[in-house]
Amino acid sequence: MKETNSKNQQPKWKPMTAGYCCSSDDRAVFGNFSRCRPSKSDFTKNIGGGGGGGTAPLPSFRKLSFSDVSLSVGSSSARINEDLAQTFGGDLYDFQVSEMRAATQNFSSNFLLGEGGFGRVHKGYVDQSLRPGLKAQPVAVKLLDIEGLQGHREWLAEVIVLGQLRHPNLVKLIGYCCEDEERLLVYEFMPRGSLENHLFKRLSISLPWATRLKIAIGAAKGLAFLHDATKPVIYRDFKTSNILLDSDFNAKLSDFGLAKMGPEGSNTHVTTRVMGTYGYAAPEYVSTGHLTTKSDIYSFGVVLLELLTGRRAVEKSRPKNEQNLVDWTYPYLTRTRRLRCIMDPRLGGQYSVKGAKEMGLLAQKCVSLNPKDRPKIPAIIETLESLQNLRDMAITHGQWPDSANSGRNLGYYGKGRRQSGFGCKSAAVAASPRSK
Ligand SMILES: Nc1ncnc2c1ncn2[C@@H]1O[C@H](COP(=O)(O)OP(=O)(O)OP(=O)(O)O)[C@@H](O)[C@H]1O
Ligand SMILES: [Mg+2]
């Protein structure tokens, strides 16, 4: 189980042990979400002893596929390394922990890029002194804080998915480490960090409208690549902290530990334990465990809403009716005059009126309660791309109060905007709630 990554506002997600899987508080908030991890001793039993955990050992030197993620939990790290080397050959580097320690100045806190549910991410440098032919480059080294099988599974899923799938809108995996209980992942370094940091951190400069659109299109193309694979891959963890940005704000998806192969043949869905992030996960998936590519489309819609409003999927510090972004924004998305009431004040009216309206309508379709009403990813890309050349900026089209009161004076748009004569209070009253 994970909650939204509003690290400043909500308690951090913590790994849970088998003995105390979910606190009653967690159960109340997250319903049947689960991301429970057995204790470290269980992990040692299963991973360390080369089959001591009761799972049949894997034959040596086999090519790993997605379905091996569960099987491999009974294997020793030596065997996993052999299998990975056999599967990926020269495509992925098999590093040693000591090498990554040296590359990151002993995992120094000065090089800390961030921390997620599975551990810390440090910046490091690699070059051909480490491996012949290895390009000199900065890297991001993720240290899995492994406390159980789940951590290992997600680590292996990440290696298998990212080791096989290469696309300009997926973050590139350069290598991995698997030594006893240590699990590391080594990625290309993304200089602009995560979309989450740009959208929600107070000190960051506001992302311009055109950049938001570019990021949405890039992320959609990453998702399209996954959904379009011979066997579709369901990403399951689409959210702003997993959208990383290069120096030109090209978006790349990261974190494939929860990814799942989609349904095959006549099956319409795969059934699985509910995992993901509260606020982003599709309601039918949360209630039934039925997972389809349409679950990712729902999460994509939530991210579109975050790009429009500059608000997080869930914000517990807001008044009750504004805490859930999907529910709060729903009645505002159909009309331009209403939409401006929820637009990110940090845009200061510098957004295309038509573009925002189309993006709002698209987001609304993506978060439809009925998965069949959600658009497919190619249609989403087409719509978003068609908005790129619009220049009808709200500020110059009378859709935003004049510059004397505008964006920089956030107080006006923040707490006070409903009473400002901006027409927002009445719009809120007139709005009809999302039908359940
Ligand atoms: N390849 C990378 N390049 C640059 N920064 C990165 C890279 N990968 C991760 N980061 C930074 O590290 C942070 C933590 O990433 P991580 O994926 O571990 O956790 P998260 O996405 O914040 O949370 P969760 O565990 O829910 O996925 C990211 O938000 C990002 O700022
Ligand atoms: Mg992440």
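Two strands are taken to pair if DSSP finds at least two bridges between them, strands being DSSP runs of E with at least two residues and helices runs of H or I with at least four, both numbered from the N terminus. The model is predicted, so local features need pLDDT of at least 70 and side-chain atom pairs count only at pLDDT 80 or more, whereas totals for chains, interfaces and linings use all residues. Residues are numbered from 1 along each chain as its sequence is written, chains are lettered from A and ligands numbered from 1 in the order in which they are written, and side-chain values use heavy atoms, with hydrogens and water left out.

Strand β5 (residues 173–179) runs antiparallel to β6, the two being joined by six bridges. Within this pairing Gly175 stands opposite Val186 of β6. The hairpin of β5 and β6 has two residues between the strands, and Asp180 takes a positive phi there, near 45°. Strand β6 (residues 182–188) is mostly covered, with six of its seven residues buried; buried denotes under 20% relative accessible area, exposed over 50%, and partly exposed the range in between, for a 1.4 Å probe and protein chains only. Strand β6 is also joined to β4 (residues 137–144), again by six bridges and in the antiparallel sense. Here Glu188 in β6 is the bridge partner of Val139.

Val139 of β4 is also the bridge partner of Gly124. This contact belongs to the antiparallel pairing of β3 with β4, which comprises six bridges. Strand β3 (residues 119–126) pairs in turn with β2 (residues 112–116), antiparallel and over four bridges. A hairpin of two residues joins β2 to β3, and Glu115 stands opposite Arg120 in β3.

Aromatic contacts were assigned between rings of Phe, Tyr and Trp (its six-membered ring) with centres within 6.5 Å, planes under 30 degrees apart counting as stacked, over 60 as edge-to-face and the rest as tilted. By this rule the count is eight aromatic pairs. Tyr93 and Phe95 form a stacked pair, with 5.8 Å from centre to centre and 25° between the planes. Phe95 is buried, with a relative accessible area of 2%. The ring centres of Trp155 and Tyr176 are 6.1 Å apart and the planes stand at 80°, so this pair is edge-to-face. Because Trp155 lies in helix α6 (residues 149–164) and Tyr176 in strand β5, the pair ties together parts that are 21 residues apart in sequence. Both Trp155 and Tyr176 are buried.

A charge is counted as sitting over a ring if NZ of Lys or CZ of Arg is within 6 Å of the ring centre and within 35 degrees of the ring normal. The charged end of Lys123 sits over the ring of Phe189, 4.3 Å from its centre. For Arg311, the charged end sits over the ring of Trp328, 3.8 Å from its centre.

Asn242 lies in the loop between β7 (233–234) and β8 (243–245) and Asp255 in the loop between β9 (251–253) and β10 (260–261), so the pair ties together parts that are 13 residues apart in sequence. Asn242 is buried, with a relative accessible area of 2%, and Asp255 is buried at 18%.
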